[in-house]
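Subject: Structure for you to look at

Dear colleague,

Here is the structure I said I would pass on. Please open it first; my notes follow below it.

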Amino acid sequence: MLRFILTRVSLVIPTFIGITLLAFFLIRLVPGDPIETMAGERGIDPARHELLRKEFGFDKPVLTQYGIYISRVLQGDLGKSIVTRESVISEFSALFPATIELALCAIFLALAIGLPAGILAAVKRNSIFDHGVMGLSLTGYSMPIFWWGLLLILLFSVQLGITPVSGRIAVQYYIEPVTGFLTIDSLLAGDFGAFKSALSHLVLPAIVLGTVPLAVIARMTRSAMLEVLGEDYIRTARAKGMAPLRVIALHALRNALIPVVTVIGLQVGVLFTGAILTETIFSWPGVGKWLIEAISRRDYPVLQGGTLLIGVVVMSVNLLVDLLYGLINPRIRHAR
Amino acid sequence: MTAETLEAPSAAVPAGTPPHPLREFWSYFSANRGAVAGLVVIVAVLLMAVFADVLSPHSPYLTNNAVFLKPPFWQEGGSLAYPLGTDAIGRDILSRLLHGARLSLVIGIVVVAIAMAAGIVLGLVAGFFKGITEIVIMRLMDIVLTMPSLLLAIVIVAILGPGLMNAMLAVAIVVLPHYVRITRAAVIGETSKDYVIAARVSGAGTLRLMFKEVLPNCAAPLIVQATLGVSTAILDAAALGFLGLGAQPPTPEWGTMLADAREFVLRAWWVVTLPGLMILITVLAFNLLGDGLRDALDPKLKR
């Protein structure tokens, strides 16, 4: 087990170096002088320019510069935003809970609908229900979610007036952040008006962000179930007279869930991609919208730091899924 | 290319009267109604793209300040002069959608062509040379796969500057690892087979082995991935266009059109609905076709 953990953890190191290299070169490959790029459009006077060049080590060889960058990163210094003058890491940690709250709701939604739909589709193979689920999930998988969001706004916010168009909570509420999740914080504060407001703001973005994972989970669950249902031990269980529901729930589902769990782990990257679009459409104040705004403001330190942080988050989650998977499934642990 | 590669497996079929491989392929493929529907839609979009100039009632760039946000013809205030209505600066939506079909297909094909060409070479090299070369290539691909795809594409566009060409290049880099992995896996599966050893013994050089012997036998998974890849490419390029990082206005690219339409979501449903619907239909068609091809070409599922 220790050997397995050490191998997996050591595999992360080249990935981490790769992500830092990407972030490191990002600001150097953007056309123009990096100091002027970092200073933004207001420009910078020559004396300070020279000072900063020394401070950032732009007068040193590239390898040394990279060394300086890495040591800054490892100390948690990711530079400052050009626009707000706040440190990148503090801006990120202020906005990150909003993205996590949205992503968790989206994946929960995807699981709550996708798992049962996939199981039922497999059990009732080739029925109308099966064809319906497969058709819908391929449509969901093909969905341009930025358009899907606009459609839902058109229907639920404009036509029906049920949900708000943008933001995280109505302006009259102020909730002291405890967990950073507004739905939980408003409940902790005992403010049900705020909770209702937060929840109604959350529904549409969660549906939009959950659509692609939902489609993937439904398809994956169905095909994993179909594979397991064809196994000999299922036939044995049926032959000895076990109730059909028991066969599906106890014997089939447990084994079918293994590939499904992997797929859920792999959705983390998909969720971040979706979050960038979803947050832009719904003006959701998370890290995705923050990065897009950074681009339009040419706020390169934010883009650089944000890319690095998101890369590290995805990498860590993937590692965690890998380790958990090894813990659950001994066959993975011992495979060479 | 397809005819040649599809014929290749027939060498392994024992004597008798085997059906022609293409006919066999078609019998599997045409049994899949979804795949046929996908193919029909793709042909329709292709025709739209080819005849965009003939079919369009107006120029996609022509603005007419007499007809801002005119609704489609079946709604009150609409007219057949602008069958699907006009956008905020009086351009004909139908003409823009037709020219958008041309752009989207070009995007899909160019992106897949770039990614496939680079991916095949890298995959062949990794599969053939093993050792440090393989480790370096595959680790690099893992890093690309770790980053959320759109974020990586955004970073690349931020470096290269916004625009359609750069967006296509960015999407091609993002999808590259899939082609490398598929090629490498297929190469590793093939190189231990007798025909490769026979070719090597009879003196075939490495390049000949790579491209003439092994590559044609890896074609099936690559064809499937390429078809599915077109849909990913169209979707990702449209997303970049929507974020203002892909094709720039006034280019009639579907994603860019949606970005322009965002502020009119409250009063003009047609400028928002139609471009997205085109993206969805086209992407769905390529996914259906890809799934059908996979079922028809995958020998593991046959019989």
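Of the 336 residues in chain A, 38% are buried. Please keep in mind throughout that this is a predicted model.

Chain A first. Its secondary structure consists of 14 helices and 0 strands, so the order of elements from the N terminus is simply α repeated to the end of the chain. The C-alpha trace of chain A extends over about 85 × 55 × 40 Å along its principal axes. Taking the contacts in chain A between residues at least 6 apart in sequence, 70% link residues at least 24 apart.

Chain B is built from helices too, with 13 of them and 0 strands. Its C-alpha trace spans about 75 × 50 × 25 Å along the principal axes. Chain B has 303 residues, and 45% of them count as buried. For chain B, 68% of the contacts between residues at least 6 apart in sequence join residues at least 24 apart.

Next, the nonpolar core. The largest one holds 174 residues, and the members that touch the most others are A:L102, B:A153, B:A167 and B:V171. Helix α9 of chain A, residues 192-229, supplies the largest share of this core, with 19 residues. Which residues does A:L102 contact once its neighbours within four places in sequence are left aside? They are A:L202, A:P205, A:A206, A:L209, A:A275, A:W284 and A:G286. Of these, A:L202, A:P205, A:A206 and A:L209 have numbers that fall within the range of α9(A).

The two chains touch each other. The contact involves 36 residues of chain A and 33 residues of chain B. On the chain B side, the elements giving two or more residues are α6 (131-146), α7 (149-160), α11 (219-242) and α13 (269-297). Among them, α13(B) provides the largest share, 10 residues. By class, the chain B side of the contact comprises 24 nonpolar, 6 polar and 3 charged residues.

Helix α12 (residues 287-296) and helix α13 (residues 300-328) of chain A pack with their axes 9 Å apart, at an angle of about 150 degrees. Angles over 145 degrees count as roughly antiparallel, and α12(A) is therefore roughly antiparallel to α13(A). The crossing of the two helices is left-handed. From α12(A), the residues making the contact are A:V287, A:W290, A:L291, A:A294 and A:I295. From α13(A), they are A:V302, A:L303, A:G306 and A:I310. The contact between α12(A) and α13(A) has 8 nonpolar residues, 1 polar residue and no charged residues.

B:G189 lies in helix α8 of chain B, which covers residues 164-191. Is B:G189 buried, exposed or partly exposed? There are 14 other C-beta atoms within 10 Å. A residue needs 20 or more to be buried and 12 or fewer to be exposed, so B:G189 is partly exposed. B:G189 is 111 residues from B:G78 in sequence, and their C-alpha atoms are 60 Å apart in space.

Regards

Key. Residues are numbered from 1 along each chain as its sequence is written. Chains are lettered from A and ligands numbered from 1 in the order in which they are written. This is a predicted model: local features need pLDDT of at least 70, side-chain atom pairs count only at pLDDT 80 or more; totals for chains, interfaces and linings use all residues. Helices (H or I, at least four residues) and strands (E, at least two) are DSSP runs, numbered from the N terminus. Two residues are in contact if their C-beta atoms, placed from the backbone, lie within 7 Å. A nonpolar core is a set of buried Ala, Val, Leu, Ile, Met, Phe, Trp, Tyr and Cys residues joined through C-beta atoms within 7 Å. Ala, Val, Leu, Ile, Met, Phe, Trp, Tyr, Cys and Pro count as nonpolar, Asp, Glu, Lys and Arg as charged, and the others, Gly among them, as polar. Axes are lines fitted to C-alpha atoms, for helices over the stretch in contact, and angles run from 0 to 180 degrees between N-to-C directions. Angles under 35 degrees count as roughly parallel, over 145 as roughly antiparallel, 65 to 115 as roughly perpendicular and the rest as oblique. A crossing is left-handed if the near helix is turned anticlockwise from the far one by less than a right angle, and right-handed if clockwise.
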